[in-house]
Amino acid sequence: MSAPVLETSGLGRRYRSVWALRDCDLALPAGRVIALVGPNGAGKTTFLRLTVGLLRPTEGEITVLGSPAGRESADSLADIGFVAQDHPLYKRFLVRDLLRTGAALNLRWDQALAENRLEALEIPLDQRVGTLSGGQHAQVALTLALAKRPKLLVLDEPVAGLDPLARLTFLQALMGAVAEEELTVLLSSHILPELERVCDYLIVLTGGRVQLAGEIDELLSAHRLLIGPSEPTMASAPGVIHVSRGDRQANAIVRTDGGPVLAGWESRPIGLEELVLAYLHRTPPIPSTR
Amino acid sequence: MIWFTWRQHRGEAVGLAAMLAVLGGIALISGLPMHSAYDGDGIAACQQANGVTESCRQLLDSFRDKFAGLPAQAAGQLNLLPLVVGVLVGAPLLAREYEQGTWQLAWTQAVPRTRWVVVKLAIVLAAVTAAAIVLSLVLRWWLRPLFPSAFSVERFNYAAPVLWGYFVLAVATGILAGALLKRSLPAMVATLAVFLPLRLAVEFWLRPRYMTPVTAVDPVPGSGAVTQQISQGDNWVLDNYLVGPSGQRLSDGDEFQLLGGGTVDEATLAQHGLREAVTYHPASRYWDFQIIETAIFGGLALTFALLVIWRIRHWS
């Protein structure tokens, strides 16, 4: 197996007295599309900014593509493409000016890739950035990040705020790019359904702590949905992540790791959305002040 | 990076250049007839022998009445220009990056952010330096016939060294305020609140104290020969007063009691044994003063610029 694209140990970041992220230990494989999922305020943006070097850790270590993140080196920066939340761009620039900026400020700029992408999306180069639609704006931001020819592409809530059609087009464009390149994508989202189609690795983050991380296929096969009589002791049984009770029966999401399940319970495979929701339910946001 | 900085701030650059062009036009329109009168009517000769003859005095008065209005007003109000540039160009420079979130775009390109901010500061300060030099040249040409003494406040404040100092400090203050406050409007207010009091305090309180002033007293009561020459030269006169027979300064109250208000002729002074005295900085100190004031503003500007770089480096 190839070296992890991103590795953290004991990573934590504090803003004044509040910890936005703590005790984060991860090793993310290369070549995947990794979804970072969690509610608002879970620490997703903090994690992504640490990854791209916009923030520095308060404690612990983070290594991206083999070198510590946040080091000011042109080579490290060139390897990472980043699209921040709300896709900030210089609004008074023409689209053409943004491309020229990208060419001027980067080491491996692929002008042809950028122009072809924008042409395919029918975004004119002579349009002022401030007048683009939300979807076009996001596409231009993605184009800037892709034309850097990064090894790691980091996207913070890329489809939040886009209408369903623009969301679909954006994710299709993203997948097209991933298919062509040796590219690892790390994207955060709180919109689940789209992720199932595009991602193969999942990280669930709540209250500044990693709750779950792994290949989506493996995670799905390691968990089962058990349906059986409603018993109050159920929730404390080993491997139980979350129990929801009806009048007569209870649904439990259990980490079985492929082992046998309790007798008398009906066992079903689980979907990604159910899995994520179970982990989001399980852990009420921990008060992270100290 | 140079092209990017230009593209990002060309609006401000063009605005400043246009302002200077308009000012240059006004200076030309108002200054050309003034200069031809200055050369044709022998104003220069009169200024050198200031007020010796009655005809000369009249000539100078009418020259001033005719031409001084606009340039004098400009000389007063353009003192605010560095501050305006600091507020409009300096303060939003980094604050707008934070407000619009574009810092995240800028600092994830393959230009390390230290280099990014150093290059940006260098370009902006170089542009502002150019503006200061142009403004200084225009005003020097425009104001010189009216204010023959380089030490006069109208000329001193627009000499290239100090004017450069004002501009770079105002802009550096704005940039630092933007880096610290992260929002344009508060940064603009902070720039105003820091630069304006500083600039005023230096001009009105500190500048007279750069060096110990010289005091000269007429040797003979009633004869203003020495003090008049000093006052009419290119010296910077801080104070005029009267000295009594025992050599001590006459207080304002005593002066009023003794002489009443209004102008006093030399015979009256002689009668009371009073001599005129003047406290001043000699014209020869002009460049010392320019250098000291430029060092104050330039030094602070450099400090602020380094703080900006430090802030961006440790931004996280």
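Two residues are in contact if their C-beta atoms, placed from the backbone, lie within 7 Å. On this criterion, Leu242(B) touches Leu250(B), Glu255(B), Leu274(B), Glu276(B) and Ala277(B), not counting residues up to four places away in sequence. The model is predicted: local features need pLDDT of at least 70, side-chain atom pairs count only at pLDDT 80 or more, and totals for chains, interfaces and linings use all residues. Residues are numbered from 1 along each chain as its sequence is written, while chains are lettered from A and ligands numbered from 1 in the order in which they are written.

Leu242(B) lies in strand β2 (residues 236–243) of chain B. Helices (H or I, at least four residues) and strands (E, at least two) are DSSP runs, numbered from the N terminus. Leu242(B) is buried because 22 other C-beta atoms lie within 10 Å. A residue is buried if 20 or more other C-beta atoms lie within 10 Å of its own, exposed if 12 or fewer, and partly exposed in between, with C-beta atoms placed from the backbone. Ala131(B) is 111 residues away from Leu242(B) along the chain. Their C-alpha atoms are separated by 45 Å.

The largest nonpolar core holds 151 residues. Such a core is a set of buried Ala, Val, Leu, Ile, Met, Phe, Trp, Tyr and Cys residues joined through C-beta atoms within 7 Å. The members that touch the most others are Ile34(A), Ala35(A), Leu202(A), Val128(B), Phe167(B) and Val171(B). Leaving aside neighbours within four places in sequence, Val171(B) is in contact with Val85(B), Gly86(B), Val89(B), Gly90(B), Val124(B), Leu125(B) and Val128(B).

Within chain B, helix α9 (residues 160–181) packs with helix α14 (residues 286–313). Their axes come within 8 Å and cross at roughly 20 degrees. Axes are lines fitted to C-alpha atoms, for helices over the stretch in contact, and angles run from 0 to 180 degrees between N-to-C directions. α9(B) and α14(B) are therefore roughly parallel to each other. Angles under 35 degrees count as roughly parallel, over 145 as roughly antiparallel, 65 to 115 as roughly perpendicular and the rest as oblique. The crossing of α9(B) past α14(B) is left-handed. A crossing is left-handed if the near helix is turned anticlockwise from the far one by less than a right angle, and right-handed if clockwise. The contact of α9(B) with α14(B) comprises 20 nonpolar, five polar and two charged residues. Here Ala, Val, Leu, Ile, Met, Phe, Trp, Tyr, Cys and Pro count as nonpolar, Asp, Glu, Lys and Arg as charged, and the others, Gly among them, as polar.

Asp288(B) is placed in helix α14 of chain B. Asp288(B) is partly exposed, with 13 other C-beta atoms within 10 Å. The C-alpha atoms of Asp288(B) and Pro197(B) are 23 Å apart, for a separation of 91 residues along the chain.

Glu99(B) belongs to helix α5 (residues 81–99) of chain B. With 17 other C-beta atoms within 10 Å, Glu99(B) is partly exposed. Beyond its neighbours within four places in sequence, Glu99(B) is in contact with Arg183(B) and Ser184(B). Tyr158(B) lies 59 residues from Glu99(B) along the chain, and their C-alpha atoms are separated by 35 Å.

The contact between the chains takes 19 residues from chain B and 25 residues from chain A. On the chain B side, α1, α6 (103–106) and α7 (113–143) each supply at least two residues. α1(B) gives the most, with four residues. By class, the chain B side has eight nonpolar, nine polar and two charged residues.

Helix α3 (residues 95–105) of chain A packs with helix α1 (residues 2–40) of chain B at an angle of about 150 degrees, with axes 9 Å apart. α3(A) and α1(B) are therefore roughly antiparallel to each other. α3(A) passes α1(B) in a left-handed crossing. Asp97(A), Arg100(A), Thr101(A), Ala104(A) and Leu105(A) meet Trp3(B), Phe4(B) and Arg7(B).

Most residues other than glycine have a negative phi. Asp23(A), in strand β2 (residues 18–28) of chain A, has a positive phi near 50 degrees. Asp23(A) counts as partly exposed, with 15 C-beta neighbours inside 10 Å. Glu122(A) also has a positive phi, near 60 degrees. Glu122(A) sits in the loop between α4 (111–120) and α5 (134–147) of chain A. Glu122(A) is exposed, with 7 other C-beta atoms within 10 Å.
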